[in-house]
Amino acid sequence: MSYRPWAGLPDYEIKAIPKDRFRRLDNLIKQYCSAYYKGNCIFLDDGNERACAQMKSGRVICRYFRWVILPLDMELEEEIYGETGRKKICVRCGKPYYSESNRSRYCSECSGIVRKNKKNQWIKSKRKKTWM
């Protein structure tokens, strides 16, 4: 018996995929799905070749795709399922960005700038304390 950690996860309601996103979805499956092999799904294999059901349907029906592959493309996931909670607004520039953690406050461009400014302020405060 194979280990499938996504098997115990709940199913979302079956959502339709916008037609203009089919190519993007197919590329995701071809690139990242470990069960995809030459147009067939290994998980559905019972001795006969079975085509990937996710690529043929216009809906999210594969649990592995939903929980493992779709989160890799946050924009597509948000288009299909609505607000996922990962899209945040940068405190510094006000642009929306996708967060990898729940603690981030800045987009990737601003995070380096803010970190550098805070480090410089810390160094200045340390210099003042040592020279006094």
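**Exercise 1.** Is Asp73 buried or exposed?

*Solution.* Start with what you're looking at: a predicted model, where local features need pLDDT of at least 70, side-chain atom pairs count only at pLDDT 80 or more, and totals for chains, interfaces and linings use all residues. Residues are numbered from 1 along each chain as its sequence is written, and side-chain values use heavy atoms, with hydrogens and water left out.

Step 1: recall the cut-offs: buried is under 20% relative accessible area, exposed over 50%, partly exposed in between (1.4 Å probe, protein chains only).
Step 2: Asp73 has 14% relative accessibility, so it's buried.

**Exercise 2.** Work out which class Lys38 falls into.

*Solution.* Step 1: look in the loop between β1 (36-37) and β2 (40-41), where Lys38 has its place.
Step 1: Lys38 has a relative accessible area of 68%, so call it exposed.
Step 2: check the backbone too: Lys38 isn't a glycine, yet its phi is positive, about 55°.

**Exercise 3.** Find the aromatic pair and classify it.

*Solution.* Step 1: rings of Phe, Tyr and Trp (its six-membered ring) pair if their centres lie within 6.5 Å; planes under 30 degrees apart are stacked, over 60 edge-to-face, the rest tilted.
Step 1: searching the whole structure gives one aromatic pair.
Step 2: the ring centres of Phe43 and Tyr64 are 5.4 Å apart and their planes sit at 75°, so it's edge-to-face.
Step 3: Phe43 is in the loop between β2 and α2 (53-56) and Tyr64 in helix α3, so the pair ties together parts 21 residues apart in sequence.

Methods:
Helix = DSSP H or I, 4+ residues; strand = E, 2+ residues; numbered from the N terminus.
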